[in-house]
Amino acid sequence: MALAAGTLDRRLRIERPIADESLDGAGSGTWELVAEVWAQVRHALPSRGERLADGINLAARPARVRIRYRTDVTPNMRFVMGTRVMTIVAGPAEIGRHELLEFMVETDTPAGSSA
């Protein structure tokens with residue numbers, strides 16, 4: 001599967017959670033940069049039937065993110081694009097043979113962004 005020029009047109013940060021090990025630090029961890037990568041971000045626009053059947057919350061701004069294949073991205077990580085923080089809700093799914101990874105993401109809310 002060959003990538004068309006300009007397909008990966010967004011710069012994203014991949015971050016992993018770093019837990020706070022102190023006694024009173026529960027839920028107050030931080031995030032550490034894993035890598036900055038080029039990505040394709042496609043916003044999901046499901047029909048009404050898909051929203052009801054799959055429980056998709058449009059307020060969470062669901063999207064599909066594709067990046068070049070890597071072995072170090074796990075579902076507990078997140079993507080950051082500018083000021084938008086995106087939680088991985090599904091994936092990674094491999095596209096092609098070690099060519100691309102695809103993730104379903106939702107925009108993070110303050111209640112769900114702790115490391």
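Me: Of the 115 residues of this protein, what percentage count as buried?
Reply: 31% of them do, where buried means under 20% relative accessible area with a 1.4 Å probe and protein chains only, exposed is over 50%, and partly exposed lies in between. This is a predicted model, so local features need pLDDT of at least 70 and side-chain atom pairs 80 or more, while totals for chains, interfaces and linings use all residues. Residues are numbered from 1 along each chain as its sequence is written, and side-chain values use heavy atoms, without hydrogens or water.

Me: Thanks! How many helices and strands has the protein?
Reply: One helix and six strands, taken as DSSP runs (H or I, at least four residues; E, at least two) numbered from the N terminus. Along the sequence the pattern reads β-β-α-β-β-β-β.

Me: And in what order do the six strands close up?
Reply: They close into a barrel, β1-β2-β3-β6-β5-β4, with antiparallel pairing. Two strands pair if DSSP finds at least two bridges between them.

Me: Let's zoom in on β4. Which strands does it pair with?
Reply: Strand β4 (residues 78-81) pairs with β1 (residues 10-18) over three bridges, and with β5 (residues 84-95) over four. Both pairings are antiparallel.

Me: How many residues lie between β4 and β5?
Reply: Two, and the strands form a hairpin. In the turn, Gly82 has a positive phi of about 65°.

Me: Which way do the β4 side chains point?
Reply: Arg78 and Val80 point one way, Phe79 and Met81 the other. All four residues are buried. Side chains in a regular strand alternate between the two faces of the sheet.

Me: I keep looking at Phe79. What does it touch?
Reply: Leaving out residues up to four places away in sequence, Phe79 touches Leu12, Arg13, Ile14, Val65, Val73, Arg84, Val85, Met86, Ile88, Phe103 and Val105, with contact meaning heavy atoms within 4.5 Å. The relative accessible area of Phe79 is 0%.

Me: What sort of aromatic pair do Phe79 and Phe103 form?
Reply: By the ring rule there is one aromatic pair, and Phe79 with Phe103 is edge-to-face, 5.2 Å centre to centre with 70° between the planes. The rule takes Phe, Tyr and Trp (its six-membered ring) with centres within 6.5 Å, and calls planes under 30 degrees apart stacked, over 60 edge-to-face and the rest tilted. Phe79 lies in β4 and Phe103 in β6 (residues 100-107), so the pair ties together parts that are 24 residues apart in sequence. Phe103 is buried too, at 1% relative accessibility.

Me: Switching topic: how many residues has the largest nonpolar core?
Reply: It has 18, a nonpolar core being buried Ala, Val, Leu, Ile, Met, Phe, Trp, Tyr and Cys residues joined through side-chain atoms within 4.5 Å. Those with the most contacts inside it are Leu12, Val65, Ile67, Val73, Phe79, Phe103 and Val105.

Me: Which elements give two or more residues to this core?
Reply: β1, β2 (30-43), β3 (63-68), β4, β5 and β6. β2 gives the most, with four residues.
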